Amino acid sequence: MRGGLVGLLILPLWLVVACGGGGGSAARPQAGPAAGAETMPAAVAAATPPLARGRVRAAHSTISGSVAPLWLAREFGLWERYGLEVELTNISGTPVIMAALISGEVQFAQTSGDAALSVQAREPEVLSILNTVGAVSHRMMVGPSIPRVEDLRGKRLGVFTIGDGNYAYLTKALPKLGVDPNEVVWTSVGGGNFAGLVQALAAGAIDGTLLTPPNDLLARRAGAHELFRLRDLGIPNAGLPIYTLRRLLRDQPQVAEAFAAGVVDGVRLFKAEPAIARRVLREQLRIEDEEVLEWTYATLLEPGMMLDRPFVDRAQTRAVLEMLAEEQPELRQLQVEQVTDTSVLETLDRRGLLPPP
């Protein structure tokens, strides 16, 4: 029933783009640093010469703890240390954020590597340059009427948009568990915020969805239970890369290097300053419960979750591509080496801006 889409909330592309401020921004920027924010932490306080001069727009397609390095980079001026002013915003769903990247509304986009491959097959100008997320933390949370995986047949599974990261993950996971993706009803919730999926599940508008911490804990409190974890299925994972366009790397490589350097510093800050990391998670994810906050932070610190040396894993990406090509034959023509770039991080490594292996 892949065609049986039930649209709870689908924002048209023109509305998402129109939400931006002046200068054609792709979406309304998130709030800036809180008043009284900490001074530059010692973990990243050393002076750094600028790598570039300029201003760019960047976006992420989901609101989850995995985005924390970008939030930290914005709040503590980590990009500005390298000479780059960055306007950061959220644009929900891989198809929409990629449309914004391709049109030039944003210059950098962080989104699901699995879902982005189909876009790269059509638009080889799109390149992934780094990936800070090495493992998936998604849990499949379902209502009490679904005690077994086979009970998912005919049920409404929530995603932000058809073709987004959750959709890509589930269409890989379900066949491994003996369920055809065509046997479920794909239900678009929209918004790009996992809290919306939690609310839809609690309200009975959907029967199940993939959630990342702390949203899985919140769903459990509302009566849902965990059916399986993606990480336990041995499914290849292309992560949550950051993408840009080939022409930017060709014409302005220093801009890409400055952007990547700020993200790398954001990962370092997240791990070195737990109090700061927890505060940013609390504010950006609107977490008031301390147990939920600790659950989120601890999950993000698990081995392989947040990468200090965020090179795109080409072997994992290739394995994802091979799996997706079974249902999307057009992906067979895509060469992973042609749509991933290592030069940006290699340059940072030579300059000593990456931690040692």
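**Figure 1. The largest cavity of the predicted model and its lining.** In this predicted model, helix H5 gives the most to the lining of the largest cavity, with three residues. The volume of the largest cavity is about 280 Å³, and the structure as a whole holds four cavities of 30 Å³ or more. The largest cavity is lined by 24 residues, and those closest to its centre are Thr62, His138, Tyr169, Phe194 and Leu240. Sorted by class, the lining of the largest cavity comprises eight nonpolar residues, 15 polar residues and one charged residue.

**Figure 2. The second largest pocket and the helices that line it.** Two or more lining residues come from each of helix H4 (113–122), helix H5 (165–176) and helix H12 (314–324). Among the elements of this lining, H5 gives the most, with six residues. The lining of the second largest pocket has seven charged residues, together with six nonpolar and four polar ones.

Figure 3. Serine 118 belongs to helix H4, which is one of the elements giving two or more residues to the lining of the second largest pocket. Between serine 118 and leucine 324 there are 206 residues of separation in sequence, whereas their C-alpha atoms are 8.9 Å apart in space.

Figure 4. Five strands form an open sheet in the order S3-S2-S4-S11-S5, and their pairing is mixed. Strand S3 (84–90) and strand S5 (126–131) stand at the edges and have a single partner strand each, so one side of each strand is left without a neighbour in the sheet. From one strand to the next, the twist averages 25°. Strand S2 (residues 54–60) pairs with S3 in the parallel sense, over seven bridges, and within this pair alanine 58 stands opposite leucine 88 in S3. Helix H4 packs on the sheet and touches S5 and strand S11 (241–245), and the direction of H4 makes about 20° with that of S11.

**Figure 5. The crossing of helices H9 and H10.** Helix H9 (residues 253–272) and helix H10 (residues 274–285) have axes that come within 5 Å and cross at roughly 105°, and the two helices are therefore roughly perpendicular to each other. On the H9 side the contact is made by Leu269, Phe270, Lys271 and Ala272, and on the H10 side by Pro274, Ile276, Ala277 and Leu281. This contact of H9 with H10 has seven nonpolar residues, one charged residue and no polar residues.

**Figure 6. The packing of helix H2 against helix H10.** Helix H2 (residues 68–75) packs with H10 at an angle of about 100°, and their axes are 10 Å apart; H2 and H10 are therefore roughly perpendicular to each other. Residues Ala68, Trp71, Leu72, Arg74 and Glu75 of H2 meet Ile276, Arg279, Val280, Leu281, Glu283, Gln284 and Leu285 of H10. By class, the residues of the contact of H2 with H10 divide into seven nonpolar, one polar and four charged. Ile276 and Leu281 of H10, which take part here, also belong to the contact that H10 makes with H9.

**Figure 7. Two details of backbone geometry in loops.** Proline 213 and proline 214 are joined by a cis peptide bond, for which omega is about 5°. Proline 214 is placed in the loop between strand S9 (208–211) and helix H7 (215–221). Arginine 286, although it is not a glycine, has a positive phi of about 55°. Arginine 286 lies in the loop that runs between H10 and helix H11 (290–300).

Conventions:
Residues numbered from 1 in each chain as written. Predicted model: local features only at pLDDT ≥ 70, side-chain atom pairs only at ≥ 80, totals over all residues. Heavy atoms only, no water. Helix = DSSP H or I, 4+ residues; strand = E, 2+ residues; numbered from the N terminus. Nonpolar A, V, L, I, M, F, W, Y, C, P; charged D, E, K, R; others polar. Axes fitted to C-alpha atoms, helices over the stretch in contact; angles between N-to-C directions. Parallel < 35°, antiparallel > 145°, perpendicular 65-115°, else oblique. Contact = heavy atoms within 4.5 Å. Pairing = 2+ DSSP bridges. 1 Å grid on protein atoms, 1.4 Å probe; cavity = no way out; pocket = protein on both sides within 12 Å on 5 of 7 lines; lining within 4 Å. Points joined across faces, edges and corners; volume = space filled by probe spheres on them.
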